[in-house]
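Please look over the sequence and the model below before reading the notes.

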Amino acid sequence: MTRKEFFGRVGFGAAALLVPACIGGLAASCDKDDDENVTPAPTNVDFTLDISTGALATNGGYLTTKGLVVARTTDGAFLAVSASCTHEGTNVKYRSASNDFHCPNHGANFSSAGHVTQGPATRNLTSYNTELTGNTLRVFS
């Protein structure tokens, strides 16, 4: 047996052993909520943002800060929800075209109020209050 044949057989054997384990692990991760990876929603929230510049200065923009996603809808209203997807903890993103929140990891969708509209997430995002005074947006529990 040549060196090339030896390494070819060893590599193929290792792959044959590892592929089922990897596929099984991926499938299992999508079967249930993995609460160990989910950051709890922030509590006692109370902070302000200057919306005169940056992502919130224009309709449809959003930013992630202090464990929240703060978004400005295409109508100019402000939304704030917990950033961590309730499925596996990936930060959600605001989609202005559909006025909702989307998890890019496994495709969960949430309404503008944070309610689950499409799984695999089964729990809602936490929603927070917003109050605009001039160019200062207050986000609070």
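A residue is called buried when its relative accessible area is under 20%, exposed when that area is over 50%, and partly exposed in between, using a 1.4 Å probe and protein chains only. By this scale Y62 is partly exposed, because its relative accessible area is 28%. The model is predicted, so local features need pLDDT of at least 70 and side-chain atom pairs count only at pLDDT 80 or more, while totals for chains, interfaces and linings use all residues. Residues are numbered from 1 along each chain as its sequence is written, and side-chain values use heavy atoms, with hydrogens and water left out.

**Surroundings of Y62**

- Y62 belongs to strand β2, residues 62–65, where strands (E, at least two residues) are DSSP runs numbered from the N terminus.
- Not counting residues up to four places away in sequence, Y62 touches A55, L56, V69, V70, A71, K93 and Y94, a contact being heavy atoms within 4.5 Å.
- Y62 and R72 are separated by 10 residues in sequence, and their C-alpha atoms are 6.1 Å apart in space.

**Nonpolar cores**

- A nonpolar core is a set of buried Ala, Val, Leu, Ile, Met, Phe, Trp, Tyr and Cys residues joined through side-chain atoms within 4.5 Å.
- The largest such core has 14 residues, and those with the most contacts inside it are V69, C85, V92, F101 and F110.
- Two or more residues of this core come from each of the elements β3 (68–72) and β4 (78–82).
- Another core, of 12 residues, lies apart from it and includes F47, I51, F78 and A80.
- Leaving aside neighbours within four places in sequence, F110 is in contact with a set of residues that includes C85, V92, F101, H115, R123 and L125.

**The three-stranded sheet**

- An open sheet has its three strands in the order β1-β10-β9 with antiparallel pairing, where two strands pair if DSSP finds at least two bridges between them.
- Its edge strands, β1 (46–50) and β9 (129–133), each pair on one side only, and the twist averages 20° from one strand to the next.
- Five bridges join β1 to strand β10 (residues 136–140) in the antiparallel sense, and V139 in β10 is the bridge partner of F47.

**The four-stranded sheet**

- A further open sheet consists of four strands in the order β5-β6-β7-β8, paired antiparallel.
- Its edge strands are β5 (93–95) and β8 (116–118), each of which pairs on one side only.
- Strands β6 (residues 100–102) and β7 (residues 109–110) run antiparallel and are joined by two bridges, with H102 standing opposite N109 in β7.

Notes: Axes fitted to C-alpha atoms, helices over the stretch in contact; angles between N-to-C directions.
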